[in-house]
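Dear colleague,

I am passing the structure below on to you, and would be glad if you kept it open while reading the notes that come after it.

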Amino acid sequence: MEQLSSIVGFLENKTILVTGSTGFVAKVFVEKILRIQPKVKKLFLLMRAKDSASAATRLYDEILSKELFVVVKEKWGSDLSTLITERVAIPVAGDISCEDLGVKEDYLKNEMWNEVDVVVNLAATVNFDERYDVALAINTMGPKHILNFAKKCVNLKALIHVSTAYVCGEKGGVMIETPFKMGETLKGTFDLDIDFEFMVMREKLQQLKEDKLSEAAITAAMKDFGNKRAQEFGWPNTYVFTKAMGEMLIGESRGNMPLVILRPTIVTSTIKEPFPGWIEGVRTIDSLSIAYAKGRMECFVGDPNSVIDLIPADMVVNSIVVAIAAHADKPGETVYQVGSSNRNPLKYSSILLWGHIYFSQNPWIDKNGKAVIVSKIKILDTMEKFQNYMSFRYNLPLKMLELTNMALCHYFEGFYSGAKRKIDVVMRLVQLYRPYLFFKAIFDDKNTGKLRAEARNSMDCADVFHFQFDPKSIDWEDYMMNVHFPGAVKHLFK
């Protein structure tokens with residue numbers, strides 16, 4: 001653990017390739033590196049773009065111009081501009097669904113292969129309801145392409161692949177930090193053939209095109225097909241199914257490479273660095289908060305006693321950086337689950353209570369300048385109760401509207417179609433999120449605990465401050481009331 005004695009020192013003169021660099025966690029990671037170690041040699045930032053000029057524009061517009069980087073700018077001032085102009089942060093146009101990560105310039109590929117020390121894969125499509133072809137390309141084959149690219153890096157010290165803790169599916173109990181075996185399913189069998197999944201996906205897509213369906217119809221069919229394939233093997237949706245297969249591919253093909261599979265739970269706003277409350281992109285808990293604060297959420301579907309596993313983004317990033325230093329040049333595959341349910345569990349009921357208190361004291365002001373008054377939310381703690389609620393509250397009135405619409409020669413067609421579409425969307429979303437609203441598992445973090453302990457025992461005092469990722473230190477009420485809800489209102493409620 002010599003590298004852990006000074007992680008900041010370890011990062012000096014290192015070159016890091018970051019994929020998915022315009023994503024939420026990736027931005028927090030990039031900011032962290034630039035803030036604590038300006039002597040990092042290079043950060044190659046892979047992002048989707050048609051060319052290098054477009055990538056450079058995305059670097060400034062979607063990364064460096066964000067409020068997240070205000071502390072870096074204050075710390076380094078004009079030196080930050082020098083860091084960028086001296087090509088420390090290098091935008092790379094590419095696509096992980098392609099060989100060689102879609103990088104077209106040979107000189108740039110050779111530069112990366114000769115200089116990259118660490119690869120951090122943060123690229124993914126996190127849409128639970130993604131098209132199967134898209135999710136397979138990004139979440140399953142993407143990691144394989146990244147692994148192949150990393151193998152060509154002559155100085156490679158470690159590959160960090162960020163997955164998700166929810167690859168465990170809907171099982172209850174304690175989820176252990178173990179890698180998947182190739183072909184393993186959540187039904188206890190080993191009959192998952194990833195090549196076959198790509199084949200049936202292509203056949204399905206081809207058939208849909210031959211049937212001359214609209215693009216919207218093809219998208220809907222491919223979403224349904226992905227969920228169907230996932231459920232056949234025990235996963236609840238396309239997202240976690242394709243992420244699990246991505247883990248399998250790189251685990252099987254890693255050779256002697258130092259590989260870390262890091263599985264965070266639900267990533268929330270920063271708790272401390274670079275400042276509390278920064279968040280980007282609406283996640284499960286935040287979509288519920290936004291709907292509730294704006295008076296659009298009358299009920300909560302889920303078990304209020306279920307544990308919701310949250311982890312602040314800066315703690316996830318700290319675990320990534322510590323894992324890089326700990327596993328550099330050490331062949332092997334290690335899984336870390338980074339969450340809070342084992343050491344500091346938080347229940348949905350607490351979120352609902354604090355949300356009511358916060359938005360009662362700090363009401364959302366609507367477009368007419370009026371405060372939205374929130375009431376205590378109705379809890380539907382079984383799917384049966386939810387379905388009954390929907391039937392009496394919405395489906396029966398909708399049926400009456402349908403009959404009236406038919407009797408009046410479709411006079412209310414637009415209103416009826418819009419209402420039906422909204423109800424269909426709600427029903428689909430509840431079905432997609434159902435496994436997590438009634439989630440019964442706890443994520444074991446023995447490996448992560450060992451990493452924390454080894455780091456704590458080896459690091460100097462400055463690094464201990466900079467790389468905290470123990471969820472036991474979180475005061476959930478203080479975090480939600482004074483950090484997360486205010487941060488979500490500021491950065492997401494637009």
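The notes below take up backbone geometry, then cysteines, then cavities.

This is a predicted model, in which local features need pLDDT of at least 70 and side-chain atom pairs count only at pLDDT 80 or more, while totals for chains, interfaces and linings use all residues. Residues are numbered from 1 along each chain as its sequence is written, and side-chain values use heavy atoms, with hydrogens and water left out.

Most residues other than glycine have a negative phi, and most peptide bonds are trans. Against that background, the bond joining Glu273 and Pro274 is a cis peptide bond, with omega about -5°, and Pro274 is found in the loop between β8 (266–268) and α11 (284–293). Helices (H or I, at least four residues) and strands (E, at least two) are here DSSP runs, numbered from the N terminus.

Positive phi values are found at Asn13, near 65°, and at Leu101, about 60°. Buried means under 20% relative accessible area and exposed over 50%, with partly exposed in between (1.4 Å probe, protein chains only).

As to the cysteines, the structure holds 0 disulfides, a disulfide being a pair of cysteine sulfur atoms within 2.5 Å. Cys168 is buried at 8% relative accessibility, and Cys299 is buried at 14%.

A search of the whole structure finds 2 cavities of 30 Å³ or more. A cavity is a set of points, on a 1 Å grid over the protein atoms alone, where a 1.4 Å probe fits but cannot get out, and lining residues have an atom within 4 Å of a point; grid points are joined across faces, edges and corners, and a volume is the space filled by probe spheres set on the points.

The largest cavity has a volume of about 40 Å³, and its lining, which includes Tyr166, Asp309 and Phe439, divides into 7 nonpolar residues, no polar and 1 charged. The second largest cavity holds about 30 Å³ and has Glu273 and Pro274 among its lining residues, the pair joined by the cis peptide bond. Its lining has 3 nonpolar, 1 polar and 5 charged residues, and α2 (24–36) and α12 (313–327) each supply at least two residues of it, with α2 giving the most, 4 residues. For these classes, Ala, Val, Leu, Ile, Met, Phe, Trp, Tyr, Cys and Pro count as nonpolar, Asp, Glu, Lys and Arg as charged, and the others, Gly among them, as polar.

With best wishes

Conventions: 1 Å grid on protein atoms, 1.4 Å probe; cavity = no way out; pocket = protein on both sides within 12 Å on 5 of 7 lines; lining within 4 Å.
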